[in-house]
Structures are given as structure tokens and as C-alpha cells.
Protein chains: 4
Amino acid sequence: MHAQAFKVGMRAPDDVAEAAKLLDQGAFKAEHVVAILGKTEGNGGVNDYTRALATLSFQLLLAERSGQKVTAIAKRVPIIWSGGTEGLMSPHATIFTREPDRGSPTGKRLAIGTAYTRDLLPEEFGTAVHARVAADGVRAAIKDAGIDAMDLHFVQIKTGALTTERVNEARRRGKGVITSDTYKSMAYGRAAAALGIGVASGEVDASKLDAGVIGQEFSIFSEIASTSSGVELMNCEVIVLGNSRQSTSELVMAHAVMKDAIDAGGVREALRRAGLAVDSELAEADRARLINVFVKCEPDPSGATRGRRHVMFEDSDINYTRHIRGVVNGVVASVTGDTMCYVSAGAEHQGPPGGGVVAVLARAAGGR
Amino acid sequence: MHAQAFKVGMRAPDDVAEAAKLLDQGAFKAEHVVAILGKTEGNGGVNDYTRALATLSFQLLLAERSGQKVTAIAKRVPIIWSGGTEGLMSPHATIFTREPDRGSPTGKRLAIGTAYTRDLLPEEFGTAVHARVAADGVRAAIKDAGIDAMDLHFVQIKTGALTTERVNEARRRGKGVITSDTYKSMAYGRAAAALGIGVASGEVDASKLDAGVIGQEFSIFSEIASTSSGVELMNCEVIVLGNSRQSTSELVMAHAVMKDAIDAGGVREALRRAGLAVDSELAEADRARLINVFVKCEPDPSGATRGRRHVMFEDSDINYTRHIRGVVNGVVASVTGDTMCYVSAGAEHQGPPGGGVVAVLARAAGGR
Amino acid sequence: MHAQAFKVGMRAPDDVAEAAKLLDQGAFKAEHVVAILGKTEGNGGVNDYTRALATLSFQLLLAERSGQKVTAIAKRVPIIWSGGTEGLMSPHATIFTREPDRGSPTGKRLAIGTAYTRDLLPEEFGTAVHARVAADGVRAAIKDAGIDAMDLHFVQIKTGALTTERVNEARRRGKGVITSDTYKSMAYGRAAAALGIGVASGEVDASKLDAGVIGQEFSIFSEIASTSSGVELMNCEVIVLGNSRQSTSELVMAHAVMKDAIDAGGVREALRRAGLAVDSELAEADRARLINVFVKCEPDPSGATRGRRHVMFEDSDINYTRHIRGVVNGVVASVTGDTMCYVSAGAEHQGPPGGGVVAVLARAAGGR
Amino acid sequence: MHAQAFKVGMRAPDDVAEAAKLLDQGAFKAEHVVAILGKTEGNGGVNDYTRALATLSFQLLLAERSGQKVTAIAKRVPIIWSGGTEGLMSPHATIFTREPDRGSPTGKRLAIGTAYTRDLLPEEFGTAVHARVAADGVRAAIKDAGIDAMDLHFVQIKTGALTTERVNEARRRGKGVITSDTYKSMAYGRAAAALGIGVASGEVDASKLDAGVIGQEFSIFSEIASTSSGVELMNCEVIVLGNSRQSTSELVMAHAVMKDAIDAGGVREALRRAGLAVDSELAEADRARLINVFVKCEPDPSGATRGRRHVMFEDSDINYTRHIRGVVNGVVASVTGDTMCYVSAGAEHQGPPGGGVVAVLARAAGGR
């Protein structure tokens, strides 16, 4: 496998101009694209349709350039958006490609795998069934990538959300749902998918997926999980990123953990593990080698950060996910100098409570 | 002069419990309080009444403990709030006191001065008249503090805002206003007051206060100005902070400039200038010496931070001031470890475009 | 009893100028004020501090004019605010007074009663205990008013809300809470208090207050209940409005039900029951007789109004209570011609699902 | 000409299922569609991408069903969305079709015309140039429709908005723009387009299009204009609706004016002019004949409705357009019983200040 990744800025959710230009220049081929992961400028909530618009726009681009139908693209290429670019976060997509080997492997390098699960029923959503379906999807994607579990660094799942209609549909069939609060259902979806990742990676014991754990017992978590939710689907779409000795990629993945939202030390550690030089900030000389940073975050559930009260859970105007994304993007960018990084909120079971995974994708030192 | 400062957390805009406890313990006396500067958890906009509630609550506390009337407190003690504690920012007040000398001065230490200006008419608001009135107020406060202009480090002005009623009142008298957009009037108020500070400090040439400059020509700025706006007043309340050889305070002020919102280097520089040890982060041993950090910030007016697009000016749900405060508080706290710091947005003519002043108040090394 | 009511507009949450003017003019005396019920211009959510500011401002006014202490006022006069004046709703207070008889009763006229309950523990909040405490409070207020149950027209309860701190405090004591979502706790508080009103009025069977009913089974409701929530208290403050043959008031209460949010017919019916002439709209000649309209409302829980989808439950930017208040105020005002009316959202168990009580306070025909 | 109109509900901005079903059933043909006008569930502001998503979704549907390319559809069929379905407003589209005559005309019936103008430069946006370009477009659409000016009832223009990038682009060329506030630019765009409609209809004197009028002098207005703005375009797309003796349509247009936001009388008048029976509400028997109501609205610019203060211009959380749309939709639906109607905010020069046009599209009495 030869894996590549291209980060493209977007001036609107339907702006695919930078990607189109790279295709024009021959930087990659549409038929080699295996996954897209990005940030759109919506509210990140239930009614965030920037995700659907961006998905449709990239599908149309890939269809046009590959000659494949949009429906075929939709079954082959997971396109996952986390909505919400608060603060300085710059809307963008990371486009992942996979091709046959180019030359021989020279060490552990980037490998990518993907998978789709079946659709969940509203009554399964956010439950142990959801987590098990997610775990099966992750196992399939790991196999697709050819990565050892120990070399996993970032597993992204996009899953669904309950809407008033889905809730009512289940109730008409006499089924209960985990919550009828549509916004809150997004949290349950993220939680179930994250535990599914932990089960597949071996971090979480599958026997622990009972009712009192999902969305509740946050001492149980995966350090490489990143999940997001959106009304636009009801299954799990999985992207697995890690390193493999079979890969001829010039890129390498690494990860660390931010123990809370202002843990710039965690960011520095992840950069260093990817082979980049960091003093207080990423060394100027290595900035061009950084492709992207992928981060999950959440407000400290205690209502305080290092003992200081925060107001995010009391704010009835702005949802806490919107608050925290802007903060963490700023903290990461203050180290890397680049506000175009992927920060997604809602880190239920994704890293320690109040913290989250920070993964780095970079050009390997001495990479061709 | 012996100046002290006490930072107290607030669990709501009317929570004065920590301040009351310090009074109970004899940490300071109500009659020695000369100014209060803090952050409340409102939206920071036109209809942010958390500021009025906090002001009234602290006035009632000081009146009760000093035996003075609320109306007398209101004329003697500027109580200035910047609304908006987005992200992790922890609502709080810094209470400044002034007493007769305690012993002899031992170097340049904290000195404080205050002043009130006359009320502005709606048609004067945001104009050169406003700036000149502000400059006169700053000069009076500098004199009150006994600080040399070169030893100024932070000048805070709270000024007013236009409301629909004030606009209509002026129009009934046949007078125009600088804008009928109430939210935007807050920006003009901050701009005029900031240029007034620059005139008084000598940073800005008074002859430049013509129509095309205020709120427009941001290459003209003060590096020590911090201004905020609110409907609750129509004059300027001024607090001047600096160092003086006449002060017996144990505290010291310093400042630097953040050149943009992710300039953690500017934060480190200000901490070092205040005599604190900083590697990537503030040294553990010196954390107890830090009283507070006072910062002004704004989105880069170009629509991009270090070349990367931000969406703050296109967001019709959340005002840009709300976005940027959360980011900069996170950047500062990632260096100091403390999210309870003062970050105020709307930095028109307060530091370079897209950046702002960062001032540090700390216990002096070897302070008693 | 001689009961009066005065509606005063407010230009800000701390604007008591119209009330002060009425006191100056001798329209009523501060010591005769028994209750205040109004609308403030906050967000109506957890962090709506306009309610606290308005309460403190009116308490200070009544204290100043009556010579009583603020703490005494706080124990004698329930001051209840519903936050949120979306759309055209005009911020205002209705001030209720009670004096000895003036002359002899001439029919069923306005009578008022009030009561305070004990504080609820976080773990009791939103449960059957909460409902029973509320019911006891309503019974006390009915007795205070001297109204027969059949002559009740509007019972207002203000109750509390859970905050992150209250939730954590309960958990430290090993107690569970009904929800840890602070915004949602407001709905549970309203629901429990409303069922308490129904129990006291005889509309609801006390044996039905079990776990599956409160906040869930909305076919059980009171037609005269109006409840609201706010973090600023943890007990129930009760105001009971109805008619009594013992009252010498010139005013009269009536009520009907809006079966959904666009049921202008329900508004017309309530006005007619109060003796006012209505064609499509309130007759011009009778407009001066209308004091106020008090309405509860909520989005249809099915997600559709008369079969047409609404988006209020999917909106992650604006809470559904904010949407619906503006709508219903507009519908009422399109009949009465007056946007200064009391519309409060969150009508759990207060009228039929998707609808709510509409009560009218008017000068009686031929009243002195 | 035989004109038809079909109102279809949408469960999301990309939900074209109801339209697809009508095509499946043969209700109309894709190649006969000449215009689509609808409401999407975004914020109606600068970053409302629901409009772009809905446009793309309907273009793809029409392309698929007609065999035409999306780019050809985009040049032939104006698809205009007003974002924002606050309160009860139900997201939907009205699809207009035009075919050859069916039988002979039997009176004045619905006729439709459309046009596209050239793109405007940022420096032209919101100026007299913009108004003149719009007027030319309206004249072309009137000609296309074959309607006499006296039989015009509703002219819809969708125009653009300034973005930070467009502003900067103009400035790089040394050109000024009417405002650099992106949200406010939408108001200037609506204002200029509305005056253009008035010029074309003869309601406004073309010599009055000078700087002090557009967006300022609201005593100058058109009673049939409806304009909206969005970043997704920079030209004017025009849809003209009226009646013609050449039309064989079964439908008829009428209009009246709402003099303010609670003027239900204006709604009743427009319904009656369209031949529908109305008492306080639209008669049950005639409800099936109503196709749609098209309304423009805005907060009263004085800050008060019939003398009562409103808070919409002071609200820094929710833009005033969001407040007012929900109110007016509720007022209209309280008369018609149908919340699925078109209410668009920002009525600069579109009806009297604080009011707006209310147009009705209905099946003619005795229509085949």
C-alpha cells in the first residue's frame, strides 16, 4: 500500500476548488481516494447541514473525475465531517488516497483502512448493540488497512443521531429510545461508537458494554477513538489510521493524549512522537512536514478546569461543544502555528474525562 | 501609596461570597477599595445585563461593609466588567485597594489611579469628542496614580453604547449618530476610548483623531489600552495600572503584546517581564506569584490568521467577540495553567490589528 | 379584600421607573404590594440573570418606599419572572396589591393569594416530592386568597433548576438526580410544579404522581397552571389568581385554553369570558379595560403543528422555548392589539400537549 | 400560458422526496418547471448553507428527470430560498410550472415570468447601480410573463451578499463597499433590489435612487416587492407573479399589505381579495383552495410595536430577522390554519416600515 494525504482549505462547505486543482495538477487520482475527513463551518449540532452539503459536493467531484456514479462513490469512500469551526479553526478536508506500492517499505509508515456497518434502528441507537456494531466495523477496517492493533493511532467513526421523526417512528412500533432529546442523542451515538473502537482495539473489555457505562462511566475510554454524530446517516462509517511495515507511504502517524483542554504539553508530545522538533512551539524548520493534527475534546465534566469554574454547562445560548472546540483549536495552533487542524468535540469515552486524543500526521523524517 | 489586588471567583454575576469572606477575614477593608475589574458570564453584547447585576451586587457589599451609601460608592469606585466568559474562562473579579504607605518603597511597584468623565451625548459617541473626553479622563487617573507615562502598563476604560432609544432621542433633536446598529456602536465606543488612551499616554498624536481614523485606521493604536462597552453607562470610567517608586506595594505590573490570537510567545514575554520564570509554561514554583493576566483580543480583520481563513465574520449565530475570547483565554491558560484570567474582545486600536495587549500582575520577586 | 393590578413596562431588567412613578403618584403603596409577575428580556434559560437583576431592583424599590428591609420584602412578596421576550413581546411587570375592603362586594371579583414552600434538595427536584411540596404551597395560597377551587383561573409557581454544582453536591452525598442536563432540569421543575397545582385544584389525582408521569405523560394536566424555572431559587413561590364574592376589586379574572400555538380562537374565548367584546379582534372600545393576558405555551411534542412539520426540536442554535414564546405572543397580540402580554414557555402538564392556559385580567364591565 | 404551482414539504434542505413523488405521479413534468421559491431551515444569515444545499438538491432532481445538465437547469430555473423557519414555520418549496395553453382563458389567472441579471461587483452591491440592474431584470421578467403592471402581485428577487473575501477583493482594487459588515450587507442588497422592483412597477421614481435613500429612507417602498439575500450568488434572480387574461391557469394571485407584524386584518384582506371566504379565520370549506401565502416582514424600526417596546434590536444572541419571521408566520397561520407558508424577513422598502406585502396564491373559485 502507498498511502497519501492532502489537506485542502474550503471557503464554504461546497467549495471543492482546492481539491479540484490538485486533481488537475495530477497530485492524486479520484479513483485512489479512499476516505475524506474534515471540518465544516456549521454549528456541529442536529441541524448542521453543512456536512451533507460538503459530502454531496465532494461526491460530485469524485464522480465527475473518476467516471463513477455518485451512488458508487457513496458506498466506497467514507466522507466524514465534524461540524463546527469555532474560533480560528479553518474549514478544510484531509483527503486520503491509497495506491499500489511505490518501491519498497522503509519502516513503519501510514496505512489506511475503511468500513461501513449496517444501519442502526432508533431503539438500538446509543446502546450496547450500537457499540458492538461499531466494533465489528472497526475490525473490518483494521483488516482492510493491514495494521497491527499496537500500531493504531487514530480511529474515526461517523455515526448518526436521533431526530424527532426517528423517535416517533420507534414509538409507533412500541420501542423505546435512549433519549428523545435530539441534541443529547448525538452524545450517546458518539459514546457507543467510541466504546466500540475501544473493544476492537483491545482497550475496553466487551463485557463492560452494559447500560450503566455508555455515556455515563467515563473512566472507561479509548485513547485512539474519535467519533462524531450527524443526522445524515444511521450506520457507522469507519476510517482507521495507523502505521504499517507494509506501507511505502512517506507519511507517519503518532498520537498522545491531552489530559485537559489546555494541555499544550500533550500536543508537544504527539508532535515529537511523529518525529518533529518542538521547543515551546513546533520548530520553524519542521512546520512544512506537518500535514494535520486530529484532536478530540470536551469540557471537564466536573464543571471546572484545574479547579477553576467554567460556564459551558450553564450556557443556554451556545452549546458546550461549540465553546470547547474553539479553545482547543487555539491551544493546538499556539504550538503548531497552524489553525487549520481537525478538532472535534464530544469526547465521550475518547481519552480521559475533560481531555482527548491528539494524533499527528506528518511527513516522515528523511521521507522521499 | 500601598496598593493591593485580590482575585475572587464568582459562581454567578451576583455572587460576592469570596469577596465577603476576604472582608470577614480582614484581608482588606471596604473603604480601601478603589476599583474592581472583572469578567461576567453574559454574552458581552448589548443585552448583557450580567454586568449591571454584578455592579449592583458589589456596590451593595461595599456599602454594607463601609457604611457608605450605594450612590457614594458609585461615584468613588469604578466597577468595570467585560461580559463574556466563553470557553474555559472563569468568571471573576480583581479587587484593587489603596491605602497609606506601609514602610518604605523598595523599587517600582504597583500604583493605581481612577477617574470618571462626563456623560457623552449620543451624537458625540464614537467620535473625536468621545476620544478627547476619554483622554482627559486618563490624564486625571494617571495624576491620581502618580505614575510616569513610561511606567504605565494597562489602562482600562469602560464606556457606553448606543441603544435604539438613545439613537431615537438624538434624532428627535435633529442630531446624527455614528451608527444606528447597537452592536456596532459598542465597537465605535471601544475605538474612541482606546485612541483617547493613546493620546494621553503619548502613543497617539491628538491631531489624528479625525473621522477616517476612529474604528477604521487600525495601524494607529495604543499598546496599553483596554476598553469595553456596555449600555449601562454613557461616560468613561477609567482605571490606570502601572508601577511607581512611591508605591510600597508587593505587586508589580508588566506588559507585552500578542501579535495575533495564537501568539503564546507574547504571553511568555509578559510573564518574564513581570519577573516570573517561564519555560514552555509558567514554572510551577512561580504559579502562586501570578495574580492575573489582562488581555485584549480580536479576530484578524483580514479574515485569516497566519494565512488560514477563519469564519468569525461570516457567522450569523455567534458574534465574533464570543468566538475570539474563548480562544485567547485558552492560549493564555495553556501557558499559565490558570483559566481565571481577564480576556476582553474588541481590540480596536488596542494593540496591532488581530492582536492586543497582554498585561501581567504578579507578586514581586522577594516581595514581603 | 381590595385587589388591584398595575402593568408597567420595563426598558431594562433593572428599570423600575414606571413603578416608581406610580408610587410617586399615589396609585398604590409599597406596603400593599403582595406579588409581582413579569417578563424579562433574558434568554429564559439556565444562565438568564435578568430575572435576578429585576428581582433585586424591585426589592430595593419596595424596601426604599416601605421602609422595610430587602430581606423582609424577599420573604413577603413573591416576585416571579419568566425570562424571554422573543419577537415582539414587551418586557413588563404586573404588580398586584391587596388592601382592606373598599365599600361592599358587588359580584365575583379578583382575589389574590401567595405562599412560599421549603427549599427542595437536588435529589427531590423534579420528582413526586417536588409535586407534593408544590401542592401544599398552592393550598396555602388558595386559603390566603379566600377563593373557591371552582373560581381559580391562574396559578403561577416559580421554582428552581439544577446547576452543575447542585448536581455534584447531591452526588457527593451519594444521591441521584433526575437529570444532569441543567437546561432539561428546568423542564422537570416546571412539570412537577404543574402537577402539584393540578393536585391542589382537584384536576389531577395525587395517586398519579409516580415516576412515569412527571415530564412524560402529558395527557395529565391542569388547565390553570403556569410554572417557570430558574436557577435563582430552589423552593416554590406561589401566586394564586381567581375571583371571590368577598373581593371589592374592580378587576375580574377568566381563562380558557389554547389547544395549540395558533389557536387564536382560544384567546378570543378567554377575552369574552372576562366580559370583553371581541369580533375578529378585541373591540376598540374595550381595549382600555384589558389589564393583561397570561399564557403558557410549548411546541407540539409530535414535531408538527396541525400536521405540518416544525423544526424547533432539531434546532441546536435556538432553544425551542425561545421559538415558541415569540409565536404565541404574536398570535395573542394579533387579537388584543397589545404585545405587552405575559407568555411563558414550557407548558409541561399546563394545558393540553402543544397548547396551554390563556388567562385574562380585565376591568369588570361597569366597574367603578 | 398554463401556469401551475405545487407546494411540497421538506424534511431537510436536501429532501426532494415530495417533489419526486409528484413527478412520479405525473402531476407535472421536470421540463415545465420555471421557478422554485421556498423556505429552508437555516439561520437565514450569512453562513446559511441550507439554501445552497436545497438548490443543488432540486437541480439534481430536475436534471435527472429532464435529462438536462445541472448547469443548464441553473441558467433556466431560478431556485430561490429564504432561510429561516423560526417558530412553527414549516420548511417547503413552491414549484411553479409553465406549459402551453390548456383550453381558453376564462378570466385573469396566474402568470409567471423569470429573469437573471448580470453579476454585481462588490463595490456596486447595495448601491443605485444594484437597483437599476434589478429594475432591468424585473422588466425582463414582466415581459416574459406577459402581465400588465397593474396585475402584478408579487415580485421576488434573490440577490447576493458581501463576504469578507469580496470586501477585501474590492479593496485590493482600491474600491470601497457600502459596508464591511457581512450581515448588514444582506440588508443593503435587499433594499437595493426592492427599490429596483418599485422602479420597474412604477411605484418608485427612478430619480430617487440616490445614496440617502437605499436602506435609509423607508417611506419609499413597493407594495409587491419581496427580496432576499444570500452569499451564494452576486446577481439578481427574478420571479414575477401576477394575473393575466392570456393565462389558462386554475390559480389566481392577490395581495394586500400588513401594516405591522400583528396585522391579521391585512392577512384576511389578502385572502378575501383572492376570492376566499374569511370570518375571523379562513373558512374551513375554502382551506383546500389555498396554495400558499407569501409575506415579507420586519421589526418596527422605531423599536416599538404600536407603542410597546420590543427588544429585537438590542438582542446580541438572536438576529432580529429570526425573531420576526416566527412571529409573523404565527399570525398568518392563526388565520389560515396552515404553518407551511412563506415568510421572509428584511422588508427594507418592501411595504411600509414595520410591515410588508402579504400575497395569496389560491385556486380560483369555480376553477376547473
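Mentor: Let us begin with how the angle is taken: axes are lines fitted to C-alpha atoms, for helices over the stretch in contact, and angles run from 0 to 180 degrees between N-to-C directions. Please keep in mind that this is a predicted model.

Trainee: With that in hand, what are the angle and the axis distance for helix 7 and helix 8 of chain B?

Mentor: Helix 7 of chain B, residues 264–273, packs against helix 8 of chain B, residues 320–336, at an angle of about 50 degrees, and their axes are 9 Å apart.

Trainee: Which residues make the contact between helix 7 and helix 8 of chain B?

Mentor: From helix 7 of chain B come Ala264(B), Val267(B), Arg268(B) and Leu271(B), and from helix 8 of chain B come Val331(B), Val332(B), Val335(B) and Thr336(B). Sorted by type, the residues of this contact are 6 nonpolar, 1 polar and 1 charged.

Trainee: What makes helix 1 of chain B roughly parallel to helix 2 of chain B?

Mentor: The axes of helix 1 (residues 17–25) and helix 2 (residues 50–66) of chain B come within 11 Å and cross at roughly 15 degrees. The cut-off for roughly parallel is an angle under 35 degrees, so helix 1 of chain B is described as roughly parallel to helix 2 of chain B. Their contact joins Ala19(B), Ala20(B), Leu23(B) and Asp24(B) of helix 1 to Phe58(B), Leu61(B) and Arg65(B) of helix 2, and the residues divide into 5 nonpolar, no polar and 2 charged.

Trainee: How do you know that helix 1 of chain D is roughly parallel to helix 2 of chain D?

Mentor: In chain D, helix 1 (residues 17–24) and helix 2 (residues 50–66) pack at about 15 degrees, with their axes 11 Å apart. That angle again meets the cut-off of under 35 degrees, which means that helix 1 of chain D is roughly parallel to helix 2 of chain D. Helix 1 of chain D passes helix 2 of chain D in a right-handed crossing.

Trainee: How much area do chain A and chain B bury between them?

Mentor: They bury about 3,300 Å², 53% of it on carbon and sulfur atoms. On the chain A side, Leu88(A), Arg308(A) and Arg309(A) lose the most area to chain B, together 23% of what that side buries.

Trainee: And how many salt bridges does the rule find across the interface of chain A and chain D?

Mentor: There are 2 salt bridges across that interface. The side chains of Arg11(A) and Glu165(D) meet in a salt bridge at 2.5 Å, N to O, a value that lies within the 4 Å cut-off. The area buried between chain A and chain D is about 1,200 Å², of which carbon and sulfur atoms give 62%.

Technical notes. Residues numbered from 1 in each chain as written. Chains lettered and ligands numbered in written order. Predicted model: local features only at pLDDT ≥ 70, side-chain atom pairs only at ≥ 80, totals over all residues. Heavy atoms only, no water. Helix = DSSP H or I, 4+ residues; strand = E, 2+ residues; numbered from the N terminus. Parallel < 35°, antiparallel > 145°, perpendicular 65-115°, else oblique. Left-handed = near helix turned anticlockwise from the far one by under 90°. Buried area = accessible area lost by both parts, 1.4 Å probe. Contact = heavy atoms within 4.5 Å. Nonpolar A, V, L, I, M, F, W, Y, C, P; charged D, E, K, R; others polar.
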